[in-house]
Amino acid sequence: MGEWAQCRSRKASSSHGWSAYGGQVLGAYYPQQDPSGSSSGSAVAVSIGLAVGSIGTETSGSIVNPAEKSNVVGIKPTLGLTSRDMVIPISLRQDTVGPIGRTVKDAAYMLSAIAGKDSFDNWTSTQPYETTPDYVKSCNHLGLKGARVGIPRNGIDFHLDDSTKPVMDAFETAIQTVRHAGARVIEEANFSSYDAPSFARNSSIVLDTDFVAGLSNYLSQLATNPNDIHALSDIARFTRFHGQEHYPDRDTYVWDRQLGRNITHESSESWTAYQANLFMGGEQGVVGALDRHKLDALIMPTFAAFHLPAIAGLPIVSVPLGFYPAQTALRMNLKKTLVSVAPNIPFGIAFVGRKWSEEKLISLAYAFEQRTMIRRQMRPYIRPTFELSDQLEPTEETPYKLKVQYRAPAMDRPKLVYEIMLKTISRLTSLRSWVRSIFSVNGSLL
């Protein structure tokens, strides 16, 4: 994962997927590829077959962006569908935990396992379900038939540049695929307002004030604290004096800005910015467009889709859409260390909906995936050099050594894989309870 979810350094001194602990994660489709972030390793591991699925966290794009760059599926759930217990917070008003899988069905299995109410995350109490849906049942080949989907062109056009033409060409082809599958596509289902400067200003206030407060609360609940770190100012000081952190080459610009604000997450300025974001992402943005045109979902290229859902707590499902063509000119990241655009690098299409609409979005995304099978059109240039089964010992519960075949389609894998995955997640739930006791986390929301 990118260190501090890319919430530390100025963009020009940062890189997706880098951390002092793990070094630099690279994408698997081009040498020195930018994996996007911040859930970089989660997406890359799935893309090359090191895992059936993985977990990512998203405040604004951190699941769906690395998913698209690794040619896999990412689901950013509705805020409150999954617990954030024991996740270091960036913003409790935006953070979500969601699955990354090679297919929509893989991701749906994982979402079914991790969704649900949790007394250690009060936001999950807003769920409208007594029983969490089985999202796998939403994987319907005919999911697009009769659906109404819209295209918010003004929300896409703002993000276009000289590198996005191949993405938009593939997106226009995808629109025809959606139509041929029986969906009604509403062009110009625009947002009533898309004020980028206001979005940037308000989001900066909300994330800055939430992070300072949320981090202090998280640190206060540690049972042991050998480095005597209790606040962001302590972490900034620690970072500047440890060589592994690559300071000042990787600066602490974001932290300096956050610590320089004379407001808190409880101040009227932070609350006003948060309410403005909810209105912009909701009535003025995604929800308004859905309601005005009586839509089931919006479809957008993933690179343009995550901004408003992030501030309004809305769900996204990103599915592979295509790859940059052979003649694509290379583009580097701002730090000039990673390749952001190049031949064969993947990109995605996003299905965006109302709160708690994951079942509908998964149905639409699955139907699109099954009609296109785009993931199969390009293989990573990197592949694993060992079998996971070589690292596992047979047990009473898994008597057969599990052979993980590289890029084996999910629909061809035995049911045993899913049973093992769900048993593993069940065990992780027990592990989480054990870790909570070690860190003496109380019943308050982290």
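Is Arg179 buried, exposed or partly exposed, and at what relative accessibility? Select Arg179 to find out: at 31% relative accessibility it counts as partly exposed, where buried means under 20% relative accessible area, exposed over 50%, and partly exposed in between (1.4 Å probe, protein chains only).

Before going on, a note on what is on screen. This is a predicted model, in which local features need pLDDT of at least 70 and side-chain atom pairs count only at pLDDT 80 or more, while totals for chains, interfaces and linings use all residues. Residues are numbered from 1 along each chain as its sequence is written, and side-chain values use heavy atoms, with hydrogens and water left out.

**Stop 1**

Glu187 is partly exposed, with a relative accessible area of 33%.

**Stop 2: Lys335 and Asp249**

Next, select Lys335 and Asp249, whose side chains meet in a salt bridge (2.9 Å, N to O). Lys335 sits in the loop between strand 10 (331-332) and strand 11 (339-341), and Asp249 in the loop between helix 7 (232-240) and helix 8 (253-260), so this pair ties together parts 86 residues apart in sequence. Helices (H or I, at least four residues) and strands (E, at least two) are DSSP runs, numbered from the N terminus. Lys335 counts as buried at 14% relative accessibility, whereas Asp249 counts as partly exposed at 47%.

Now show Arg153, Glu172, Arg179 and Glu187 together: salt bridges that share partners join them into one network.

**Stop 3: Arg84 and Asp121**

Across the whole structure, a search finds 17 salt bridges. One to pick out is Arg84 with Asp121, where the closest N and O atoms are 2.5 Å apart. Arg84 is in the loop between strand 4 (73-76) and strand 5 (96-101), and Asp121 in the loop between helix 3 (104-114) and strand 6 (148-150), 37 residues away. Both Arg84 and Asp121 are buried.

**Stop 4: helix 6 against helix 9**

Finally, colour helix 6 (residues 196-220) and helix 9 (residues 268-281), which pack at about 130° with axes 9 Å apart. Axes are lines fitted to C-alpha atoms, for helices over the stretch in contact, and angles run from 0 to 180 degrees between N-to-C directions. The contact (heavy atoms within 4.5 Å) includes Phe199 and Ile205 of helix 6 and Tyr274 and Met280 of helix 9.

Key:
A salt bridge is a side-chain nitrogen of Lys or Arg within 4 Å of a carboxyl oxygen of Asp or Glu.
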